Amino acid sequence: MMLKKLRSGLWNYRSIVLIVFTPLLLLPLPLVIGTKEAECGFVLLLMAVYWITELIPLSMTAMFPAILFPMFGIMKSSEVAMTYFKDFHFLLVGVICLATSIEKWGLHRRIALRLVTMVGVNPAWLMLGFMSGCAFLSMWVQNTSAVTMVMPIMEAVVQQILKAKEEETAGEDNPNLQLDETDEDIGKNKEDVSDNKHPDVPEETCVEIQMVSPPAAAQAAVCHPAASRQSDRDLMMCKAMCLGIAYSSNIGGITTLPGTSPNLIFSEYLHQIYPSCDCINFGNWLLLCLPISVIMLLLTWIWLHWLFIGSDCRFLWRCGGGQSEKEKAARKVIEDEYRALGPMSSQEIITQLVFLLMVLLWLTRAPGFIPGWASLFPHHSGYITDATVALLLGLVFFIIPAYGPSRKYEAMISWDEFQASMPWKVALLVGGGFALAEGTKKSGLSFWVAELMTPLGDLPVMATVTIACIIVTTVTEVASNATTITIFLPILSPLAEAIHVNPLFVLIPATLCTSFSFLLPVSNPPNAVVFAYGHLSTIDMVKAGLGVNVIGVLAVLLAVATWGVPLFSLDTYPDWAPVLPEFNSTIP
C-alpha cells in the first residue's frame with residue numbers, strides 16, 4: 001500500500017521531478033568542463049528540454065538567459081535585456097492592429113464568403129473555396145485567428161444547406177454536405193481550446209465557436225437507416241473540409257513574412273547574426289513562398305479529396321454549368337449569406353484601404369530590381385524596415401474615427417481589443433530565443449558547433465537540407481512552431497557555415513518546414529480548433545497529415561533548388577557570412 005501511494009505521489013509530481021533532475025543531469029557541463037561553450041550549452045539544452053516538455057510555461061523558460069548568462073559570465077544582465085526586444089516585436093504589433101480591425105468589423109467574413117461564391121458549390125470546389133479563403137486570411141493574421149474566422153462560416157453554411165434541403169425535400173435522401181451528428185453533439189456554443197501547449201495563441205484568447213444547430217428533422221434524418229450511406233459520404237466530406245481549413249491556415253501563413261511567427265523569428269535572427277544581410281524582405285519572400293503555397297494548397301486539396309471522398313475527379317470539369325438541384329440550393333444559401341452582410345460598411349472600407357496600403361508599402365520599400373520609396377531617405381539607408389510601415393499604419397487604427405461626427409468619437413480599435421489579440425507569450429518566447437542566439441555567439445558555442453559539423457560537408461548539400469527539413473518537421477509535431485525554430489536556428493546556422501554553404505540555403509527550408517505541423521490535434525492551435533468541432537478523430541488527422549507533410553517538404557525542396565537559387569543567390573557563399581579557417585568547399 002505504501003509503495004502504491006509513493007508511486008502515485010511520484011506520478012502526480014512527475015513535473016517537479018523532471019524540473020529538478022534535468023538541470024542536475026546537465027550539471028557536468030558547467031562544473032566538469034567549465035568552458036564558456038559548455039556553460040552556454042547547459043543553458044541551451046536546459047531551455048530546449050523545458051520548451052519541448054513545457055514543464056514550465058514557455059514564456060518563463062524564455063527568461064532563463066536573463067538569469068543564467070550573467071551568472072556564468074557570458075553576458076551582462078543589461079546586454080541580455082537589450083536582446084529581448086527587437087524589430088520583430090514592432091512588426092508584430094502593427095500586424096496585430098490590422099488583424100484586430102479585420103476581425104472587429106467582419107471583413108474576414110465578407111472575404112471568405114466571396115471566395116466561396118467564386119469557386120462554386122460542388123462539394124469539392126466548395127472545399128477549395130474555404131481553403132483558399134483561410135489561406136489568404138492567414139497570410140495577414142495569425143493562423144489560429146484565420147481558422148476561428150472561417151470555421152464558423154463553414155459550419156453555418158453546411159448546416160443551413162442541410163436545413164434548406166430538409167424543408168424542400170422532406171422524406172428524400174439527405175442533401176450534399178449533410179453532417180453526421182451521431183458521434184458528438186456540436187450544438188454547444190463555445191469551445192475553450194487550451195493554448196498551454198502552443199504559444200501561437202494569446203493567453204487571453206478564448207476561442208469562441210458559434211455553431212448553428214440542425215433542426216430536429218435533420219437529426220432524425222441523419223439517424224434514419226435509409227440515409228446511412230449518404231450520411232457517411234457527407235461525414236467524410238465534412239472531415240475533408242475541416243482538415244482543409246486547418247491545413248490551409250498553415251500553408252497560407254508561410255507565404256508572407258508576417259504571416260506566421262517562425263517567419264518573423266527567422267527574419268530577425270538573420271538581421272541579428274548577419275547584420276550585413278539585407279536580402280530578406282517582404283517582396284522576395286513573397287516571390288519565393290507564394291508558388292510553394294499554391295502548389296501545396298492544390299495538392300493538399302486533391303489529396304484530401306482522394307483520401308476522404310474518392311478518386312472520382314469528374315468534379316474538375318464540372319466547375320461551370322450542369323449544376324444539380326442540390327448544388328443550386330447550396331449556391332442560394334451561400335449567396336443569401338453574402339447578401340445578408342449588406343453593403344460594405346465604412347469601417348470595412350477603411351480597414352481594407354489600410355490593409356492594401358500596408359501591403360503596397362511593404363512591396364515597394366526596397367524591391368531590389370528598382371529603387372524603392374526607402375531611397376527617398378538616402379542619408380538614413382537601412383533605417384526604415386517593414387516594421388516601421390506596420391507600426392505606422394497600426395497606429396492609424398487608434399486615430400481614425402470609426403463613426404461619423406453624429407456619434408461620440410471612437411477609434412477603429414481600442415487598446416483592450418488590441419491587447420486581447422496580441423500574443424504576448426510569443427513576444428516573450430521569441431525574445432528568449434534572440435537572447436539565446438546572442439549568447440551562443442558570444443560564448444563561442446556556435447563556432448564550436450560549426451567545427452563539429454564540418455564532416456557533414458561530405459554529403460551532397462541537398463541531402464543535408466533534406467535531413468534538416470525532416471528533423472524539423474518531426475520535432476514541430478510535438479513542440480510549438482515558435483519553439484522549434486528558436487531551437488534550430490542557432491544549430492543550423494553554424495552548420496551552413498561549417499560546410500561553406502549559403503546559410504539561407506539551410507535556414508529558409510527549415511523555417512518553412514517548421515510550419516508543417518499537420519499530424520496531431522495538439523501539433524498547433526489551428527488543428528486543435530478544428531478538432532474541437534467533433535467531426536474528426538486523431539487517426540483522420542494522422543492519415544491526412546502524413547501526406548501533407550510529404551507534399552510540403554517536397555514543395556520546399558523544389559523551391560530552393562529552382563527559383564530560390566537566382567532569387568537569393570543560393571549557389572554562392574555570401575560575403576555577409578563569416579568564412580571559417582577550415583571548411584569543406586562543397587557548394588550546391
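Figure 1. The place of Lys239 is in helix 13, which runs over residues 228-253. Once neighbours within four places in sequence are set aside, the residues in contact with Lys239 are Phe308, His535, Leu536 and Asp540.

**Figure 2. Overview of the chain and of the confidence assigned to it.** The chain has 27 helices and zero strands, and buried residues make up 56% of its 588 residues. Of the contacts between residues at least 6 apart in sequence, 78% join residues that are at least 24 apart. The chain exposes about 25200 Å², and carbon and sulfur atoms supply 66% of that area. The mean pLDDT of the chain is 78, with 79% of the residues scoring at least 70. Confidence is highest in helix 24, residues 503-513, with a mean of 94, and lowest in helix 12, residues 216-223, with a mean of 34.

Figure 3. Where pLDDT is low, predicted coordinates should not be read in detail.

**Figure 4. The largest cavity and the residues that line it.** The structure holds four cavities of 30 Å³ or more, and the largest cavity has a volume of about 230 Å³. It is lined by 20 residues, of which Gln142, Asn143, Gly259, Thr260 and Ser261 are the closest to its centre. Helix 8 (87-105), helix 11 (143-168), helix 14 (261-273) and helix 25 (525-531) each supply at least two residues of the lining of the largest cavity, and the largest share, three residues, comes from helix 8. Sorted by class, this lining has ten nonpolar, nine polar and one charged residues.

**Figure 5. Lys441, a partly exposed lysine in helix 20.** Lys441 lies in helix 20, which covers residues 424-443, and counts as partly exposed because its relative accessibility is 42%. Leaving aside neighbours within four places in sequence, Lys441 is in contact with Gln272, Ile273 and Ser446. Lys441 and Pro494 are 53 residues apart in sequence, and their C-alpha atoms are 9.9 Å apart in space.

**Figure 6. Cys277, a buried cysteine in a loop.** Cys277 is found in the loop between helix 14 and helix 15, the latter spanning residues 282-309, and its relative accessibility of 3% is the reason why Cys277 counts as buried. With residues up to four places away in sequence not counted, Cys277 touches Leu270, His271 and Trp576.

**Figure 7. Leu512, a buried leucine in helix 24.** Leu512 is found in helix 24, and it counts as buried because its relative accessible area is 0%. Not counting residues up to four places away in sequence, Leu512 touches Ile254, Trp285, Cys289, Ile292 and Val556. Leu512 and Pro262 are 250 residues apart in sequence, with 7.8 Å between their C-alpha atoms.

Figure 8. Most residues other than glycine have a negative phi. His500, in contrast, has a phi near 55°, a positive value in a residue other than glycine, and this histidine lies in the loop between helix 23 (481-498) and helix 24. His500 counts as buried because its relative accessibility is 13%. Phi of Ser569 is also positive, near 55°, and here too the residue is other than glycine. Ser569 is found in the segment after helix 27, residues 564-568, and with 38% relative accessibility this serine counts as partly exposed.

Note on methods. Residues numbered from 1 in each chain as written. Predicted model: local features only at pLDDT ≥ 70, side-chain atom pairs only at ≥ 80, totals over all residues. Heavy atoms only, no water. Helix = DSSP H or I, 4+ residues; strand = E, 2+ residues; numbered from the N terminus. Buried < 20%, exposed > 50% of the residue type's maximum accessible area, 1.4 Å probe, protein only. Contact = heavy atoms within 4.5 Å. Areas by Shrake-Rupley, 256 points an atom, 1.4 Å probe, with all protein chains shown as cover. pLDDT = per-residue confidence, 0-100. 1 Å grid on protein atoms, 1.4 Å probe; cavity = no way out; pocket = protein on both sides within 12 Å on 5 of 7 lines; lining within 4 Å. Points joined across faces, edges and corners; volume = space filled by probe spheres on them. Nonpolar A, V, L, I, M, F, W, Y, C, P; charged D, E, K, R; others polar.
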